[in-house]
Amino acid sequence: MLNNPDSQDIALAIDIGGTKAAFSVINSAGELLFPVEKHFVPFDSEGKAHPDRLLEMIAPYVQRARQYGGKLNGIGLSLCGNIDAQTGMAVLVSNLHWRYLPFGQMVKEAFNLPVFAATDVRMAALGEAAWGAARGVRDFAWATVGTGYGGYLFLDGKLYDGSHGFAGNFGHTTLDEVNGYPCGCGRNGCFETFVAGPGITRAGQKAAETGESPYLKLIAAERPVSSYDVFKGEANGDPACVQIIKDVIRLISINLGGMVNILDLQLIIMGGGVTHAAPDFVSRINTRIRDFLMTEEAARDLRVINETFENSSLIGAAADVFFRQNILSF
Ligand SMILES: [Zn+2]
């Protein structure tokens, strides 16, 4: 396909996160035509992301995409919140302070190109299905642990959106609503509050205050303890930090293991800041999860692995264009 660039199918991929927006042009073989470029998301004084200034930011990339030989099949738009994948409506993107903003439609009207918008976790799962570790896999989950804990499901050979498009909120199943902590979703004791970055930070701060962790106590005398400090303490053999991370791995394994028992998944792909904080984090989950699997078959066949791409939602945004334009199929 690359031998004849004029005949290649391409898509402009955009990934708008809570801080930065990433851009590239990607062909239907999953190859980036230029390295990912990132810009800060423009916010107004009330903390709301500026749709018009985002359109101005997108404009030169549309022009650039049009300059390549080949067919520009559209714009794949990944956003960090609840997006209606059919209409491109940003239903709720809390990081951008958007509620019912028809951003997909705005991009479409501004550039007169097909626009395919969806939530970033859906895009990441698509990227893995198109060109990554999930290629040819019928049943898998994409899971991300960072500031939050969530993901997306791919079942029976296709994406699973759920009745309202909200499937994949792995982190908002309840672990302990009685003794648990308040969650961003408005309830108490969700798994997310224990295993995501802020939960690790909270456990670390507590271990510093009680003196249980001499390592974190020293840090806390200078500045607030972060989740990164807990991982560093773990690498240095601090017993309290070792225990905190051990618990995080146990709880994620219980959560994902339960899902495997319900859905009989063969693969779980993991991304997000927390999964990259220790080099063997995901492989430890791959081991620990086996304590929570019901069948011998799952214990034998299930794999829990790291994500394939560094910018999985961006790659997936291009994959979405090709899938929805029938250039790629599952
Ligand atoms: Zn929750």
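Domain bounds, as used here, come from an automatic or database domain assignment. For this chain, which is a predicted model, the assignment gives domain 1 (5–118) and domain 2 (133–306).

**Domains and core**

- The C-alpha centres of domain 1 and domain 2 are 29 Å apart.
- The largest nonpolar core has 98 residues, and among these Ile14 and Ile268 touch the most other members.
- Because domain 1 (5–118) and domain 2 (133–306) both contribute residues to this core, the core lies between them.
- In soluble globular proteins, nonpolar side chains tend to be buried together.
- When neighbours within four places in sequence are left aside, isoleucine 268 is in contact with Phe140, Ala141, Ala143, Leu256 and Val304.

- Strand 1 (residues 9–16) pairs with strand 2 in the antiparallel sense, over seven bridges.
- Three residues separate strand 1 from strand 2 in the hairpin that they form.
- Isoleucine 14, one of the two residues that touch the most other members of the largest core, has phenylalanine 23 in strand 2 as its bridge partner.
- Strand 2 also pairs with strand 3 (residues 37–40), in the antiparallel sense and over four bridges.
- Within that pairing, lysine 38 in strand 3 is the bridge partner of alanine 22.
- Strand 2 (residues 20–27) is largely enclosed by the rest of the structure, because six of its eight residues are buried.

- Strand 5 (residues 82–83) and strand 6 (residues 90–93) are paired in the antiparallel sense over two bridges.
- Asparagine 82 has leucine 92, in strand 6, as its bridge partner.
- The hairpin of strand 5 and strand 6 has six residues between the strands, and glycine 88 in this hairpin takes a positive phi near 80 degrees.
- Strand 6 pairs in turn with strand 7 (residues 98–101), in the antiparallel sense and over three bridges.
- Opposite alanine 90 stands leucine 101 in strand 7.
- Four residues lie between the strands in the hairpin of strand 6 and strand 7, where histidine 97 takes a positive phi near 60 degrees.

Conventions. Residues are numbered from 1 along each chain as its sequence is written. This is a predicted model: local features need pLDDT of at least 70, side-chain atom pairs count only at pLDDT 80 or more; totals for chains, interfaces and linings use all residues. A residue is buried if 20 or more other C-beta atoms lie within 10 Å of its own, exposed if 12 or fewer, and partly exposed in between; C-beta atoms are placed from the backbone. Two strands pair if DSSP finds at least two bridges between them. A nonpolar core is a set of buried Ala, Val, Leu, Ile, Met, Phe, Trp, Tyr and Cys residues joined through C-beta atoms within 7 Å. Two residues are in contact if their C-beta atoms, placed from the backbone, lie within 7 Å.
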